[in-house]
Amino acid sequence: MDIESLREMVKNDIKIDETDLNSESLRTPQLHNKYLVLYENSKLELEKLQFMEKTLKRDKWLFYTGKMGDEDLERKGWEPFEHNILKTDIPMFLDADPDMQQIRAKISLQSSVVSYLEDVIKIVTGRQWNIKSAIEWIKFTQGV
């Protein structure tokens, strides 16, 4: 799920219908569960991407040090790396590698989704207090 569609979904779900606070109060646990499931799935996806990054980093290290076999190179569709580089220069090559940049971008985006969902869950949790306060305000203004 991309973050923009997630934001739009949250925008619609977070709205509280002030004319039907009872139903809104009953809807809160459903919203909490919905976003908790999304959070857990997103967190698992983030961990999966982080594991993929570690594997790719190992493969790229083998590639840049010239230790990757021809079969592995062919399977991955990579051309042999023809340069000799110092071990201290490998991090620079890894940072500039397009495959590494791509997976790091995915990790960054997924981290943003996880962080956003954490905040949404806090908002949904606080929703009950907002509804309670609205009910108390209505009682106060009506002299009940």
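User: Which residues does Tyr35 touch, not counting residues up to four places away in sequence?
Analyst: Tyr35 touches Leu6, Met9, Val10, Asp13, Leu117, Val120, Ile121 and Val124; contact means heavy atoms within 4.5 Å. This is a predicted model, in which local features need pLDDT of at least 70 and side-chain atom pairs count only at pLDDT 80 or more, while totals for chains, interfaces and linings use all residues. Residues are numbered from 1 along each chain as its sequence is written, and side-chain values use heavy atoms, with hydrogens and water left out.

User: Is Tyr35 buried or exposed?
Analyst: Tyr35 counts as buried because its relative accessibility is 1%. Buried means under 20% relative accessible area, exposed over 50%, and partly exposed in between (1.4 Å probe, protein chains only).

User: And how far is Tyr35 from Ile121 in space?
Analyst: The two are 6.3 Å apart, C-alpha to C-alpha, although 86 residues separate them in sequence.

User: Where is Tyr35 placed?
Analyst: Tyr35 lies in helix 2. Helices (H or I, at least four residues) are DSSP runs, numbered from the N terminus. Helix 2 covers residues 21-65 and reaches 64 Å from its first C-alpha to its last, close to the 66 Å expected; the expected span is 1.5 Å times one less than the number of residues.

User: Where does helix 2 bend?
Analyst: Helix 2 bends by about 30° at Arg27, with Pro29 following within four residues. The bend is the angle between axes fitted to the seven residues ending there and the seven starting there. Just after the helix, Gly66 has a positive phi of about 80°.

User: Turning to the largest nonpolar core, which residues touch the most other members?
Analyst: Leu6, Tyr35, Phe63, Trp78 and Leu117 do, out of 26 residues in that core. Such a core is a set of buried Ala, Val, Leu, Ile, Met, Phe, Trp, Tyr and Cys residues joined through side-chain atoms within 4.5 Å. Helix 5 gives the most to this core, with nine residues.

User: What is Trp78 in contact with, leaving aside neighbours within four places in sequence?
Analyst: Its contacts are Leu56, Asp59, Lys60, Phe63, Met68, Leu73 and Asp99.

User: How many helices and strands are there in the chain?
Analyst: The chain has five helices and zero strands. It is more spread out than a compact globule, because its radius of gyration is 25 Å, well over the 15 Å that the globule rule gives for 144 residues. The radius is taken over C-alpha atoms, and the rule is 2.2 Å times the number of residues to the power 0.38.

Note on methods:
Helices (H or I, at least four residues) and strands (E, at least two) are DSSP runs, numbered from the N terminus.
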